[in-house]
Amino acid sequence: MNPAATPTPKPDTQDGRWMNVHNRYVSEAKEKEPEVIMIGDSLIQHLEHLDYWNRVYAPMHTLNFGIGGDETQHVLWRISNGELDNVKPKVVVILAGTNNSGSSEEIAEGILEIVKVVRDKQPDAYIVLLSLLPRGHLPNPLRDRNEAINVIIKEKALAMNKVEVLSIGQCLVQPDGTISHHDMYDYLHLTNAGYEKAFEPLAELLQQLLSEGEVEHDLTPSE
C-alpha cells in the first residue's frame, strides 16, 4: 500500500491543532459560498496572510484550506472528511507533495488520488493542479524529485476532463540554477515577492475561469 495515496489524519498528540484547523475548515465550507477553494500545505496556507491574497484572491471569494506540513495523505483525509462537503466551488486549486518522502511515482500517485477525490466530491468543479515548486538554494535531489513528479502528473492529467496542471515556479530558478533568498527565504517557503512571481499564472487563470467560464478554456489542452 502506498502511504502517499492512503487517507491518513496527521499525528497530533500535543495540542490538537491539526484537527482543530480541519474542523474550522469544515465549518467554513458549511457557512460560506466560495467560488474558489485552495487546498494543500504551508505554501497554500501562508498565502492567505499576505496583502497579495487580499488584493487578488479574496475578491474572487476564495477559501484557503492549507495546513503547514501536510503531506498528500493528510490532504486526502481532510477532503474525504468534510472539507469539500456542503460547498459548490467553481474551481478547486491543489498544491501538495513537497513534504512527502518516498519515490516520485509514489508521491505522484498520492497527488493524483487527491484529484480523484476532489472530482468525486465536486463533479462540476474545474480542478487546477499546481506543479510542485523547486526547492533548495542549489540544484539537489529533492528539486529533481519534484520535477520528476511534475512530469508524471502533467502526463496523467492530459486524459482528465476539466483538470489542468499549471506550471508555476520556474521563474524562481536563476540562470545559474540557484534560488534567491529574496524569493524563498528558507529555499522552501516563499517571500511576498516570491509569491507574486510564482503565483501570477494562477491569478491570471482564475480570473479567466471566473470571468469567461471554464467551458471555452477546457477546449485547450493542458500545457
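Me: Which residues are buried in H4?

Reply: Before the answer, a word on the basis: this is a predicted model, in which local features need pLDDT of at least 70 and side-chain atom pairs count only at pLDDT 80 or more, while totals for chains, interfaces and linings use all residues. Residues are numbered from 1 along each chain as its sequence is written, and side-chain values use heavy atoms, with hydrogens and water left out.

In H4, the buried residues are Thr72, Gln73, His74, Val75, Leu76, Trp77, Arg78 and Ile79, where buried means under 20% relative accessible area, exposed means over 50%, and partly exposed lies in between (1.4 Å probe, protein chains only). Helices (H or I, at least four residues) and strands (E, at least two) are DSSP runs, numbered from the N terminus. Because 8 of the 9 residues of H4 are buried, this helix is largely enclosed by the rest of the structure. The elements that cover its buried residues include helix H1 (17-31), S1, S2 and H5, and contact here means heavy atoms within 4.5 Å.

Helix H4 (residues 72-80) and H5 pack at an angle of about 10°, with their axes 9 Å apart; the axes are lines fitted to C-alpha atoms, for helices over the stretch in contact, and angles run from 0 to 180 degrees between N-to-C directions. That angle makes H4 roughly parallel to H5, since angles under 35 degrees count as roughly parallel, over 145 as roughly antiparallel, 65 to 115 as roughly perpendicular and the rest as oblique. On the H4 side the contact is made by Thr72, Val75, Leu76, Ile79 and Ser80, and on the H5 side by Ile107, Gly110, Ile111, Glu113, Ile114, Val117, Val118 and Lys121.

The loop between S2 and H4 holds isoleucine 67, which counts as buried at 6% relative accessibility. Leaving out residues up to four places away in sequence, isoleucine 67 touches Trp18, Val21, His22, Tyr25, Gly40, Asp41, Ser42, Gln45 and Arg78. After H4 comes glycine 82, whose phi is positive, near 115°. Asparagine 86, in the loop between H4 and S3, also has a positive phi, near 60°, although it is a residue other than glycine. Most residues other than glycine have a negative phi. Asparagine 86 is exposed, with a relative accessible area of 56%.

Two of the elements that cover H4, S1 and S2, belong to an open sheet of 5 strands in the order S2-S1-S3-S4-S5, with parallel pairing. Strand S2 (62-66) and strand S5 (163-166) stand at the edges, each with a single partner strand, so one side of each is left without a neighbour in the sheet. From one strand to the next the twist averages 20°. Two strands pair if DSSP finds at least two bridges between them; strand S1 (residues 36-40) and S2 pair in the parallel sense over 5 bridges, and glycine 40 has glycine 66 of S2 as its bridge partner. Further along, strand S3 (residues 91-95) is joined to S4 by 4 bridges, and the two run parallel. S4 and S5 likewise pair in the parallel sense, over 4 bridges.

Strand S4 (residues 126-130) is mostly covered, with 5 of its 5 residues buried: Tyr126, Val128 and Leu130 point one way, and Ile127 and Leu129 point the other way.

In soluble globular proteins, nonpolar side chains tend to be buried together. Leucine 202 touches Met38, Tyr57, Val93, Val128, Leu130 and Leu166, not counting residues up to four places away in sequence.
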